[in-house]
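Look over the model first, then read the points below.

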Amino acid sequence: MPKSTILPIITVVSNLNRWAWFVVLMLLCGSVSADEPAPAKQQELRNLLKHDCGACHGLQLKGGLGPPLLPEALADKSDVLLLDTIQNGRPGTAMPPWKSFLTVDETNWLIRLLRQP
Ligand code: HEC
């Protein structure tokens, strides 16, 4: 193969490599930001927890119309159960569905916050 064809191929391959790294980096960043809401959003979620959830579960989440949401109270409940309860509510009870206000990632973040305030 003449040198003039090899050089462009090397250039393309080495650029591909750089792109591959770029893509991997973007994927990594994407997955981090996907389950961790931005700081402003986190503040919004803390407010929602205090005011909206607190309206039923108590301002300190010690219980009211709804049961307490303190770490001890949730210790034996699975993440899946809590995710389902918050996203879809509990039909036949006062617990409303929140899926039109909270994404799954935001809900998972809230569950982690409830477990480790
Ligand atoms: C209108 C009142 C009301 C609001 C607002 C409300 N909840 Fe509830 N929630 C309830 C009630 C009542 C139950 C108990 C349902 C049952 O009897 O199983 C409950 C149950 C739960 C449970 C399950 C607890 C357990 O011990 O199984 C979780 C978790 C929960 N709520 C989280 C939330 C979060 C997070 C919010 C805010 C985004 C919220 N709730 C807002 C009334 C409410």
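Pro-68 is partly exposed, because 15 other C-beta atoms lie within 10 Å. Pro-68 sits in the loop between helix 2 and helix 3. The model is a predicted one. The chain holds five helices and zero strands.

- The C-alpha atoms of Pro-68 and His-57 are 5.9 Å apart, with the two residues eleven places apart along the chain.
- Leaving out residues up to four places away in sequence, Pro-68 touches His-57, Leu-61, Lys-62, Gly-63 and Ala-73.

**The loop between helix 2 and helix 3: Gly-66**

- Gly-66 also belongs to the loop between helix 2 and helix 3.
- Gly-66 has 17 C-beta neighbours inside 10 Å, so it counts as partly exposed.
- Residues up to four places away in sequence aside, Gly-66 touches Cys-56, His-57, Ala-94 and Met-95.
- Gly-66 and Met-95 lie 29 residues apart in sequence, yet their C-alpha atoms are 7.5 Å apart in space.

- Is Gln-60 buried or exposed? Gln-60 is exposed, because 12 other C-beta atoms lie within 10 Å, and the exposed class takes 12 or fewer.
- Leu-61 counts as buried, because it has 21 C-beta neighbours inside 10 Å and the cut-off is 20 or more.
- Leu-61 has a phi near 60°, a positive value in a residue other than glycine.
- Most residues other than glycine have a negative phi.
- Gln-60 and Leu-49 are eleven residues apart along the chain, and 9.8 Å separates their C-alpha atoms.

**The shell around the ligand**

- Which residues come nearest to the ligand? Of the 22 residues around the ligand, they are Cys-53, Cys-56, Gly-66, Thr-93 and Met-95.
- Two elements give two or more residues to this shell: helix 2, residues 39-57, and helix 4, residues 79-88.
- Helix 2 gives the most, with six residues.
- By class, the shell has 15 nonpolar, four polar and three charged residues.
- Gly-66 and Met-95 are both among the residues that come nearest to the ligand, and these two also touch each other.

**Helix 4 against helix 5**

- Helix 4 packs with helix 5, residues 104-115, at an angle of about 120°.
- Their axes are 10 Å apart.
- The two helices are therefore oblique to each other, because the roughly perpendicular range ends at 115 degrees and roughly antiparallel starts over 145.
- Their crossing is right-handed.
- From helix 4, the contact takes in Asp-79, Leu-82, Leu-83, Ile-86 and Gln-87.
- From helix 5, the partners are Val-104, Thr-107, Asn-108, Leu-110 and Ile-111.
- By class, this contact has six nonpolar, three polar and one charged residues.

**The chain overall**

- From the N terminus on, the elements run α-α-α-α-α.
- Of the 117 residues in the chain, 8% are buried. Leu-61 counts as buried.
- How many of the contacts between residues at least 6 apart in sequence join residues at least 24 apart? The share is 45%.

Conventions. Residues are numbered from 1 along each chain as its sequence is written. This is a predicted model: local features need pLDDT of at least 70, side-chain atom pairs count only at pLDDT 80 or more; totals for chains, interfaces and linings use all residues. A residue is near a molecule or strand if its C-beta atom, placed from the backbone, lies within 6 Å of it. Helices (H or I, at least four residues) and strands (E, at least two) are DSSP runs, numbered from the N terminus. Ala, Val, Leu, Ile, Met, Phe, Trp, Tyr, Cys and Pro count as nonpolar, Asp, Glu, Lys and Arg as charged, and the others, Gly among them, as polar. Axes are lines fitted to C-alpha atoms, for helices over the stretch in contact, and angles run from 0 to 180 degrees between N-to-C directions. Angles under 35 degrees count as roughly parallel, over 145 as roughly antiparallel, 65 to 115 as roughly perpendicular and the rest as oblique. A crossing is left-handed if the near helix is turned anticlockwise from the far one by less than a right angle, and right-handed if clockwise. Two residues are in contact if their C-beta atoms, placed from the backbone, lie within 7 Å.
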